[in-house]
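The structure is shown first.

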Amino acid sequence: MRKKGFKRIMALVMASAMVVGSAVPALAKKKEEVKLTEAGYPISEDGLTLTCFMMSMPNVENLATNDFTKYMEELTGITVEFVTAGRDDFTEKLNMMLASGEYPDMIMGSPDLAKFGVKEQIIVPLDEYINEDIMPNYMARYGDILDLSRETDGQIYSLIGENDCYHCSYGRKMWINTKYLEEMGLEKPTTTQEFYDMCVKFKEYKPDGIALAGSAPGQGWYSEFENWLMGSFILPPSTSYTLSVRDKTAVTWDGEVKCVATDDRYREFLKYANSLYEAGALYDGNFTQTEEQMKAIINQPDAPVLCFATGTISNDIDATSNPELYAQYETLAPLEGPDGTRLATFFRWMSISDGDFCITDTCKSPEAALRWVDFFYGEKGDLMSQYGAEEGVDWVWAPEGEFGLNGEPAMYKILNPYSGETQNHDWQDLGIRVAPADYRLGQATAQDVDIKSPEGLEKLLYEASAENYEPYGQTEENSDLDVLPQLKFTSEETTNVSTIAVEVEKMIDENSTAFIIGARDIEDDKEWDSFKSSLESAGLADLLATYQTAYDRQMKK
């Protein structure tokens with residue numbers, strides 16, 4: 001594909017986008033063979049210039065003169081000239097460049113790969129370059145999950161990134177007031193029956209109180225009470241990473257996509273939730289309120305709430321302004337249901353992203369570009385880009401006598417901490433993130449921090465996740481279902497099922513609420529069959545078939 005008028009097009013981009021670095025480079029691509037070293041660094045001994053489109057942030061002054069950029073140039077022998085846009089207009093400017101026919105060699109961002117990759121081949125497939133020789137660090141980290149980044153034609157057009165928040169991976173947490181438990185003479189409940197009995201007793205102890213609070217679906221960060229309770233009966237799936245709807249889809253370990261909402265075990269959950277409602281344990285506002293509204297109730301002077309759902313207590317109680325109430329709440333592990341089921345959803349795919357790095361058809365050396373970006377996937381690559389490249393000044397590796405958030409010997413200690421102030425030493429959060437859980441948890445952390453203090457929040461969430469939720473994450477031994485990864489749909493598939501998915505979400509949400517509050521009789525077989533039939537009429541079978549096709553195409557290699 002011949003490219004013309006790049007300077008003219010990029011002048012238009014610069015007029016409306018924040019551009020960091022030197023003047024926008026012209027991309028006249030030489031077609032002669034690029035000479036590279038066989039392995040390691042430098043990558044090019046003769047010097048090589050590549051161009052890259054990347055997001056800018058106010059706390060990084062100038063990518064062209066940034067210390068980490070200069071370090072990478074000296075290490076690799078590759079000069080990268082950056083064209084940037086801000087967070088708010090990044091996607092717009094990226095699409096404009098790709099549609100114009102004038103664009104850089106590399107993109108650190110997330111273009112429409114179905115359009116610009118699979119269909120138009122502006123973004124080029126990387127399959128032939130992703131191997132141990134060219135990308136040893138990448139293969140060591142993600143070689144066993146490459147299928148996650150395959151597009152609908154079976155090819156890979158982008159690299160995986162990762163930012164694994166451990167406590168977010170077990171985000172569905174329930175918080176219980178231990179002061180009230182002590183006053184009632186109760187221990188934390190461990191079964192659905194004990195939980196029911198506790199709620200009944202709480203209503204006697206505090207008649208105007210709320211035994212279990214939550215928000216309406218989609219109105220808070222893991223603050224729906226249903227998804228925590230459901231784990232005592234069947235795996236509560238994640239919101240669809242593919243269509244961003246609560247369609248209750250999951251997958252068996254051998255790859256069959258199912259809808260949990262039509263399973264009889266889901267019906268048993270609804271029966272149990274209905275029994276709590278009939279006992280007065282559930283607040284009517286749970287089905288309509290936002291988490292912000294729930295927060296206002298929790299913090300009333302008489303502290304009326306025994307239990308509430310949220311991913312982090314800091315969302316709803318401030319440790320500084322209300323330290324006494326904050327200290328009273330602890331997490332409650334999932335309850336054991338009547339058949340022994342006890343699950344806390346492990347969102348195994350939530351930290352994984354793709355589209356983080358792509359190469360266009362103007363790139364004179366895809367191998368050089370991929371060897372350059374492979375640095376970020378190395379042991380210290382993310383650390384150096386985030387905080388600076390100089391060991392002993394920016395960070396210390398394996399600091400003696402220090403321990404990480406997980407209580408293990410620390411992997412590293414930060415000497416040059418993250419700052420929101422403008423600086424020109426490192427990339428901060430720009431570029432590609434490669435931060436798996438062991439790396440994030442491996443940062444040196446004070447071990448004696450008070451977990452009930454504001455400074456102790458991260459340790460509080462880590463310990464709660466490790467003790468009360470990770471032991472109950474879904475495995476082949478304790479659950480027949482797992483969460484679905486993000487799947488790649490063709491544009492036709494998306495068109496065919498997007499409306500269906502929204503309707504399925506609406507029907508599940510509305511009817512589940514109706515069954516819980518008794519507006520529909522969950523004990524009536526005809527009512528239950530009618531609910532399932534309505535989902536089928538809405539197109540549930542077509543939705544599941546489309547998920548299945550995408551799953552088989554992407555994951556069953």
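## Residue Q548

Q548 lies in helix α18, which spans residues 540-555; helices (H or I, at least four residues) are DSSP runs numbered from the N terminus. The model is predicted, with local features requiring pLDDT of at least 70 and side-chain atom pairs pLDDT 80 or more, while totals for chains, interfaces and linings use all residues. Residues are numbered from 1 along each chain as its sequence is written, and side-chain values use heavy atoms, without hydrogens and water.

Apart from neighbours within four places in sequence, Q548 contacts G255, E256, V257 and K556, where contact means heavy atoms within 4.5 Å.

## Helices α16 and α18

The axes of α16 (residues 491-517) and α18 come within 9 Å and cross at roughly 130°. Axes are lines fitted to C-alpha atoms over the stretch in contact, and angles run from 0 to 180 degrees between N-to-C directions.

On the α16 side, the contact involves E493, V497, I500, A501 and V504; α18 supplies L540, D542, L543, T546, T549 and R553.

## Helices α9 and α16

Helix α9 (residues 264-278) packs against α16 at about 50°, with the axes 7 Å apart. This angle makes α9 oblique to α16. Y266, L270, A273, N274, Y277 and E278 of α9 meet I508, S512, F515, I516 and I517 of α16.

Methods
Helix = DSSP H or I, 4+ residues; strand = E, 2+ residues; numbered from the N terminus. Parallel < 35°, antiparallel > 145°, perpendicular 65-115°, else oblique.
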